[in-house]
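My entries follow the display.

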Amino acid sequence: MSIPAPAAHVSPLGLLPLARTAVDRGSDRRVDPDHFETIRADAGTRVMYLAGNRALVREGVLVLLDPPAEGFGDDPVYLGRTLEHAQVPLGTDIVLMTLPEPDPALAVDGAVWVSLRESATHLGGLDAGLFVEAAAVANWHAVHTHCPRCGAKTVPEQGGWVRRCPEDDSSHFPRTDPAIIVAVVDEEDRILLGSAAAWAGNRYSTLAGFVEPGESLEAAVIREVAEESNVVVHNPQYLGSQPWPFPCSLMLGFTARAVTTDARADGVEMSDVRWFSRTELAEAVLSGEITIAGPISIARNLIERWYGGTIIEPEANARA
């Protein structure tokens with residue numbers, strides 16, 4: 001069964017940098033235990049290499065290589081089949097191979113090893129989707145090598161999307177942690193931004209937090225804002241989402257109206273919270289008084305949606 005690319009399903013936030021995809025992940029094909037052997041025999045199959053959090057990029061395009069002669073190596077992951085024309089034909093099968101460190105021998109003809117944060121806004125939809133998918137599933141494999149029930153070492157199955165315990169036969173699946181992130185706006189149309197205690201410097205962003213067990217997304221918005229800023233909000237409205245594979249989150253974007261405006265940082269997670277008008281925020285960012293979230297983040301998109309356009313940063317502070 002072919003899965004259509006979700007380009008037509010754009011959220012109110014637009015097509016977010018890490019929410020683009022043009023890959024049919026092939027859940028019906030990867031269950032075949034011979035799937036890797038089948039696609040290895042296809043001359044069109046390509047490999048994406050990931051070393052730590054870095055992949056090969058050349059002139060703004062993800063480098064996809066022929067499989068090595070010895071095969072896909074240990075623990076490959078089937079990323080799927082391409083749904084759009086790019087540097088490879090439509091329908092190309094892509095396999096992820098991970099390396100312990102970047103291999104200079106693969107970085108030829110101007111290719112460089114770069115991180116997702118460095119390259120996401122410069123990549124096309126197919127490449128960005130592959131990079132996000134690869135980073136997330138590779139992170140899961142790296143930290144879920146043993147069974148949480150009995151401690152035995154697990155083995156990858158189903159194209160790298162399941163890890164099975166050979167001792168108790170339990171199956172374990174990639175983890176995704178939902179987190180809400182919210183643009184809080186008051187009756188004066190000001191936005192509430194906070195500076196996390198863990199952040200260095202003068203960085204401010206929208207408030208965010210993980211959804212707790214047994215909690216709705218809307219309840220998480222109200223709780224997190226109150227906990228971090230002392231501000232009570234109502235009427236959370238969902239705007240869109242994007243994966244955040246650092247290492248395994250799904251960021252769910254909201255806007256909400258403030259009922260109270262006495263903003264006070266909790267002193268634990270947040271070191272400061274402030275209300276900004278559009279003029280105040282623009283001046284604070286341009287002067288270098290504060291920095292805001294980078295363009296690949298859903299936070300930046302929430303802020304600029306409220307602002308009504310692009311916020312100009314000092315050239316020295318602008319982040320790719």
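I looked up the contact (heavy atoms within 4.5 Å) between two helices, and found that R278, L281 and A282 in α5 meet I303, W306 and Y307 in α6. By class, I recorded five nonpolar, no polar and one charged residues there; Ala, Val, Leu, Ile, Met, Phe, Trp, Tyr, Cys and Pro count as nonpolar, Asp, Glu, Lys and Arg as charged, and the others, Gly among them, as polar. Helices (H or I, at least four residues) and strands (E, at least two) are DSSP runs, numbered from the N terminus.

The model is predicted, with pLDDT of at least 70 needed for local features and 80 or more for side-chain atom pairs, while totals for chains, interfaces and linings use all residues. Residues are numbered from 1 along each chain as its sequence is written, and side-chain values use heavy atoms, without hydrogens or water.

I then noted the geometry: the axes of α5 (residues 278–287) and α6 (residues 298–307) come within 10 Å and cross at roughly 130 degrees. Axes are lines fitted to C-alpha atoms, for helices over the stretch in contact, with angles from 0 to 180 degrees between N-to-C directions.

I next examined the lining of the largest pocket, which has 18 nonpolar, eight polar and six charged residues. β14 (207–210) gives the most to this lining, with four residues. α6 is also among the elements that each supply at least two.
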